[in-house]
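Subject: Structure handover

Hello,

The structure you asked about is below, with the sequence. My notes on it follow.

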Amino acid sequence: MGWIIDLLTNPFLIISLSSWFIAQVLKTIIHCLINRKLDIHRLVGDGGMPSGHSATVTSLAVTSALVYGTGSFQFAVSAVLALIVCHDAMGVRRETGKQAIVINELVEAFEALKIKDLPEVKLKEFVGHTPIQVLAGILVGVVNSFILYYTII
C-alpha cells in the first residue's frame, strides 16, 4: 500500500503530469479560440499548441536539475529523453501529420471521381508539432516546474 502513497506524492510525477495537463488545457482553449468551436478531444489529442509532450519531458528534466543538480545522472537521463521527444515531435511526428493530410485528400479525390471504393479510414492529421508549438510546450514545462518546485517541494 505504501507504493500508492509514494506514487501519489512523487514530485517528479506530479510536476510532469501537471505540466502535461496544463498544456492540454491550453491547447484546447487555443484550438477553441481559433476554430470558434469546442473540441473536447483536444484535451487528450496529439499535435497543436502547445506541445504536451514537450511540456511533460521538459518539466521532468527541470525538476531533476532542481532536485539533483545538472551534474547528476537523473538530470542527464531526463534531459536526453526531453531532447529526443522534442526533436521527434518536430520531425517524424510532424511529417506523419503532413502525410496524413495528403493521403486524406487523395482518398477524398478518388471517392469524388468514383474510381474505386476505398476503405472509410480518416488518418489523424494532428500528430506532430511546429517548432513554435514545441517551444511553447518547453516554456510551459519550465515555468510549471519552477512554480511547483518552490511551492510543493
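Helices here are DSSP runs of type H or I with at least four residues, numbered from the N terminus. On that basis, Asn 10 sits in the loop between H1 and H2. Please keep in mind that this is a predicted model.

Overall

The protein chain has 6 helices and 0 strands, so read from the N terminus under the DSSP run definition its elements are simply α-α-α-α-α-α. Of its 153 residues, 34% count as buried. The accessible surface comes to about 9,700 Å², and carbon and sulfur atoms account for 72% of that. Among contacts between residues at least 6 apart in sequence, 70% join residues at least 24 apart.

Confidence

Mean pLDDT for the chain is 86, with 80% of residues at 70 or more. Which elements have the lowest and the highest mean pLDDT? The lowest is helix H5 (residues 92-113), at 68, and the highest is H3, at 97.

The N-terminal end

A nonpolar patch on the surface is formed by Met 1, Trp 3, Ile 4, Leu 7, Leu 8, Leu 13 and Leu 17. Together these residues have about 760 Å² of accessible area. Helix H1 (2-8) and H2 each supply at least two residues of the patch, and the largest share, 4 residues, comes from H1. Ile 4 is in helix H1. Its relative accessibility is 31%, and it therefore counts as partly exposed; the patch definition asks for over 30%.

Asn 10, mentioned above, is also partly exposed, at 28% relative accessibility.

The loop between H2 and H3

The peptide bond from Met 49 to Pro 50 is cis, with omega near -10°. Pro 50 is found in the loop between helix H2 (11-35) and helix H3 (52-68). Arg 36 is placed in the loop between H2 and H3 as well. Its phi is near 55°, a positive value in a residue other than glycine. Is Arg 36 buried or exposed? Its relative accessibility is 76%, so Arg 36 counts as exposed, the cut-off being over 50%.

In soluble globular proteins, nonpolar side chains tend to be buried together. Here the largest nonpolar core has 6 residues: Val 57, Ala 61, Ala 82, Cys 86, Ala 89 and Val 134. H3 and helix H4 (73-90) each supply at least two residues of this core, and H4 gives the most, with 3 residues.

Which residues does Val 134 contact, leaving aside its neighbours within four places in sequence? They are Ser 51, Ser 54, Cys 86, Ala 89, Met 90 and His 129. Cys 86 and Ala 89 also belong to the core.

Thr 58, in helix H3, counts as buried because its relative accessibility is 9%, under the 20% limit. Not counting residues up to four places away in sequence, Thr 58 touches Ala 82, Cys 86, Ile 138, Gly 141 and Val 142. Ala 82 and Cys 86 are again residues of the core.

Asn 144 lies in helix H6 (residues 131-152). With a relative accessible area of 8%, Asn 144 is buried. Leaving aside neighbours within four places in sequence, its contacts are Ile 15, Ser 18, Ser 19 and Ile 22.

Ile 22 is found in helix H2. At 32% relative accessibility Ile 22 counts as partly exposed, whereas Asn 144 is buried. Beyond its neighbours within four places in sequence, Ile 22 is in contact with Val 140 and Asn 144.

Regards

Technical notes: Residues numbered from 1 in each chain as written. Heavy atoms only, no water. Buried < 20%, exposed > 50% of the residue type's maximum accessible area, 1.4 Å probe, protein only. Contact = heavy atoms within 4.5 Å. Areas by Shrake-Rupley, 256 points an atom, 1.4 Å probe, with all protein chains shown as cover. Core = buried A, V, L, I, M, F, W, Y, C linked by side-chain atoms within 4.5 Å. Patch = residues over 30% accessible without salt bridge, like charges linked within 9 Å, V, L, I, M, F, W, Y side chains within 5 Å. Salt bridge = Lys/Arg side-chain N within 4 Å of Asp/Glu carboxyl O. pLDDT = per-residue confidence, 0-100.
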